[in-house]
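Here are a few exercises to work through with the model open. Try each one yourself before reading the solution.

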Amino acid sequence: MAAQRRRIRDNGGRGPGVAIRGVPLALALTVGLAPQGHGAEAGAARSEVAATAWADGFASVNALGQNGTYGGRDGKTVTVRTLADLEKYATAAEPYVIVVAGAITMDPKGKEIKVASDKTIVGQGSSGEIVGGGFFLGQGVHNVIIRNLTIRDSYMGTWNDKEHDYDGIQMDGAHHVWIDHNDLKHMADGLIDSRKDTTYLTVSWNRLETHNKAFGIGWTENTTADITIHHNWFRDTEQRNPSADNIAHAHLYNNYLQDLPGTDIASSYGNYSRGNTKMVLENSYFEGMKNPVIKDATASIVQRGNTYLNTSGRNESGGTAFDPKAYYPYTLDPAAKVPSVVQSGSGPGGTPAR
């Protein structure tokens with residue numbers, strides 16, 4: 001198992017990854033961290049480098065017959081502007097890098113495109129949007145990258161909606177998935193739902209905002225999933241920030257959880273370790289959150305280096321967890337810098353302040 005979980009040092013034949021403080025160079029080029037051109041030429045350049053992007057965290061680990069997560073690198077790059085084209089390429093058997101140019105509205109509202117394995121779906125510049133629906137990754141789907149998109153507005157007017165299961169990104173038994181530099185908001189149900197033993201998942205540099213159930217993880221009695229969650233901005237989200245149920249290895253670091261004063265949304269809790277979850281929580285920043293860190297009696301949380309500003313209620317830790325560096329390398333930002341780093345670096349086109 002240790003051999004299976006080693007970091008992909010040669011990036012699966014892609015050559016060594018050059019990183020900017022833990023951010024792959026290919027990522028920097030794709031979302032605008034490096035110099036850009038203008039117009040169609042710049043969009044084409046970003047599309048080209050999207051094919052070489054590689055994940056970090058647990059999504060980078062070799063396991064289950066998959067060597068890390070590189071999406072549609074081995075396929076053609078296509079640009080889509082219509083729902084029909086997006087669905088055609090996202091559901092295809094062949095690998096594709098799919099560049100979303102402009103806003104695509106789901107029809108019917110709440111539609112979740114069933115993404116097949118070996119896909120990169122990436123927004124062009126800051127213009128790529130999925131409106132009124134999202135994506136579904138089913139059992140066994142693997143090697144998928146979703147990046148640089150705004151996914152928004154399937155909200156049906158009911159805050160705690162039990163009728164409309166309209167998620168931004170839902171995963172049921174998928175593995176090796178990288179969700180990176182997206183802006184998710186105003187959905188009917190979850191912004192991100194990682195369910196049914198979805199594993200080898202990295203969720204990084206996203207904005208999850210103005211929502212009730214932000215990021216739920218679990219829905220199984222098994223304790224097998226490995227998940228990395230880093231440099232995300234949870235902004236005015238009431239619950240599931242995330243809620244992690246029965247996760248073998250949950251590594252959360254450098255996230256920014258912010259409950260803004262004077263709004264209609266109030267946090268009920270922040271990071272939640274449930275069931276048999278083992279969670280390592282490092283150098284994150286909690287601002288204005290009620291019950292910023294909570295755990296079940298059966299769960300574990302090891303806290304290191306976190307900052308709490310104007311928080312109240314439960315802030316818990318206890319039990320034993322694991323050493324994330326036994327699975328992959330990573331670099332921590334100081335907790336004090338997390339608000340500025342994450343605000344500038346998260347979402348489509350974000351530029352980390354390094």
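**Exercise 1.** Work out whether Tyr256 is buried or exposed.

*Solution.* With a relative accessibility of 2%, Tyr256 counts as buried, since buried means under 20% relative accessible area, exposed over 50% and partly exposed in between (1.4 Å probe, protein chains only). Now do Tyr285: its relative accessible area is 12%, so Tyr285 is buried too.

A word on ground rules: this is a predicted model, where local features need pLDDT of at least 70 and side-chain atom pairs count only at pLDDT 80 or more, while totals for chains, interfaces and linings use all residues. Residues are numbered from 1 along each chain as its sequence is written, and side-chain values use heavy atoms, leaving out hydrogens and water.

**Exercise 2.** Classify the ring pairs Tyr89–Tyr96 and Tyr256–Tyr285.

*Solution.* Start with the rule: rings of Phe, Tyr and Trp (its six-membered ring) pair if their centres lie within 6.5 Å; planes under 30 degrees apart are stacked, over 60 edge-to-face, the rest tilted. A search of the whole structure turns up ten such pairs. Tyr89 and Tyr96 sit 4.9 Å centre to centre with 65° between the planes, hence edge-to-face. Both Tyr89 and Tyr96 are buried. Next, Tyr256 and Tyr285 give 5.8 Å and 75°, again edge-to-face.

**Exercise 3.** Find which strands Tyr256 and Tyr285 belong to.

*Solution.* Tyr256 is in strand 25 and Tyr285 in strand 28, 29 residues apart, linking distant parts of the chain. Strands here are DSSP runs (E, at least two residues), numbered from the N terminus.

Notes
Helix = DSSP H or I, 4+ residues; strand = E, 2+ residues; numbered from the N terminus.
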